[in-house]
Amino acid sequence: MSEILLQARNLSITFGGLKAVRDVSLDVPQGSLTALVGPNGAGKTTLFGLLSGFLKPGSGSVHFAGQDITGQAPHESARLGLTRTFQIVQPFGAQTVRQNIAVGAHLRLADRDEALAAAEAVAARVNLQASLDKPAADLTVAGRKRLELARALATRPRLLLLDEVLAGLNPSEIDEMIPVVKKLVDDGVTVLMIEHVMRAVMSLAEHVWVLAQGRLIAAGTPGEVTRDPKVVEAYLGHGAAARLAAQGAPA
Amino acid sequence: MKRDLCAIALFGVVLVAVAALSQSGVLLTFVMMSLYAALLSQAWNILGGYGGQLSFGHALFFGVGAYAQALGQLNLGLNPWLVLPGAIALGALVGVAVGGLTFRYGLKGSYFALVTLAFAEVFRILALSASFTGGGVGLMVPLQEGVANMQFGSRRGYIYLLLAFVLLALLVTAWLRHSRFGAYLQAVRDNEDAARAIGVNPLRVKLGGIALSAAFMSVAGAVYVQVFQYIDPGIAFGSAVSVEALVGAIVGGMGTLWGPLLGAVTLHALADLTRNLFGELPGISMVIYGVVLILIVMFMPRGITGGGQSLGRLFKMKERARV
């Protein structure tokens, strides 16, 4: 059993009357690629907000590399090595791709030229080297997703929280992106990703957490959770698992 | 960075030459007032253009610098050259205090603009009611011509003084374009959440921005006192200075190195021209000034420098289309 890098215990948050995340506990082992899946509105992005410090939990705790980071400001977590990306990409539109990535690189490098050079190296890792001098606002959706990833990567994170880096991409763009994510893990970055594209989850993730209505309802290998009746019901409605079984659908 | 530094050096040499060789009082006054307006816009541009925090009350820092410069001489009997650094430091300190109060609570956009306006108004009323500021009568610095007293016999001395600070502001702006702090400032302007996620502390960055911006603004206030030997609450904290600072930067191009200078000079030339041409019809110069301002904002929304860039790109596109 490898060391636990990120540990969440009994996390809960309420928005008005809505319990967006309820009593969630999860462990992310060092060096793993874990996926967080669940139907729309399950609370996945909210959970990311709690883990990265953008939201303060109502109760519960988050530990990163043995340190208590519950409710700690995101920029402090980034310094410790925990960086997130956003589902709705957030480029610094007025700046070039190189300048965008350099902002991330500046977390570890004070010198401007070194940061710009590091930005170039990171861009090559996510296949953005051809667009380095384009304004970020001119990139395609696929390009912006890569930029979002590159900027986070430039901070030299130990743990990356990727919020739907594949959403909005076409199948061939997804095929290009999957090896990029795989390579990150091979390079020693631990990844926790929210993902809807099940093809990617099945081929990438070693372990999957399933969130529905703010609760973790299942966990295991991709094969295990897709066979779990609770997961099927969360996506397709109450009784769906039984009906599918009765119809003799392949499990 | 090198290109920016060369351009700044060239600009400095040209202006020194103009000031040293020109015998025309009109030209010297124009250069002096343009440099003064440029300094205001450059100061505003640091926080507004690079930091994206649009202040509507930059007169606050101008006034603090002006009153500090006057009071240091009148009440403490200090030499103006000695008072100046103190006035600048005080301006920066007020900037950090106001920034601390507003940025801590996440005020942005129009809310930040309104709060800065309110702070400037509060200071104007305080200056009106306090006794040590001379109230509504204002403060007069006695005329004692001499370089040692920072009161120059001709416009030239003030031009050199203002030019030194305009060059310094240009250098600071060039540094913003090529440094980590500047990159962080622009990142916070473009997307604060994205910046936070990758390790930027937005509060600290904005406080740095407002301190720099306020410091240059208080320089302008202090020099104003030295030039006119007079300050009152309306001049110091009124909205005229705030508007002059931001309009110059917006017209010239926010978040650019030369935009604020270009905008301030253009507006100043325009105001002088309309006043001279239509001086006998009171008010008409302001009408023309206003119309031109509207045209600039309508057709060059990114300012004069931005407009030039768009034009250049348009021509390139047409050429490419032809090929």
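Let me begin with helix α5 of chain A, which has 13 residues and reaches 18 Å from its first C-alpha to its last, close to the 18 Å expected at 1.5 Å a residue. Please bear in mind that this is a predicted model.

How much of α5(A) is covered? Of its 13 residues, 11 are buried, and the helix is thus described as mostly covered. Among the buried residues are A:Arg144, A:Lys145 and A:Arg146, together with A:Leu147, A:Leu149 and A:Leu153. The elements covering the buried part of α5(A) include β6, α3, α4 and β7 (159–163) of chain A.

I turn next to the contact between the chains. Chain A contributes 25 residues to this contact, and chain B contributes 18 residues. On the side of chain A that touches chain B, at least two residues come from each of α2 (74–80), β6 (82–84), α3 (97–105), α4 (112–125) and α5 (141–153). Sorted by class, that side of chain A holds 11 nonpolar, 10 polar and 4 charged residues.

Finally, the strands of chain A. Strand β1 (residues 4–15) runs antiparallel to strand β4 (residues 59–64), and 5 bridges join the two. Within this pairing, A:Arg9 lies opposite A:Ser61 of β4(A). Strand β4(A) also pairs with strand β5 (residues 67–68) of chain A, again in the antiparallel sense, over 2 bridges. Here A:Phe64 has A:Gln67 in β5(A) as its bridge partner.

What do β4(A) and β5(A) form? They make a hairpin with 2 residues between the strands, and A:Ala65 in the turn has a positive phi of about 50 degrees.

Terms used: Residues are numbered from 1 along each chain as its sequence is written. Chains are lettered from A and ligands numbered from 1 in the order in which they are written. This is a predicted model: local features need pLDDT of at least 70, side-chain atom pairs count only at pLDDT 80 or more; totals for chains, interfaces and linings use all residues. Two residues are in contact if their C-beta atoms, placed from the backbone, lie within 7 Å. Helices (H or I, at least four residues) and strands (E, at least two) are DSSP runs, numbered from the N terminus. Ala, Val, Leu, Ile, Met, Phe, Trp, Tyr, Cys and Pro count as nonpolar, Asp, Glu, Lys and Arg as charged, and the others, Gly among them, as polar. Two strands pair if DSSP finds at least two bridges between them. The expected span of a helix is 1.5 Å times one less than its number of residues. A residue is buried if 20 or more other C-beta atoms lie within 10 Å of its own, exposed if 12 or fewer, and partly exposed in between; C-beta atoms are placed from the backbone.
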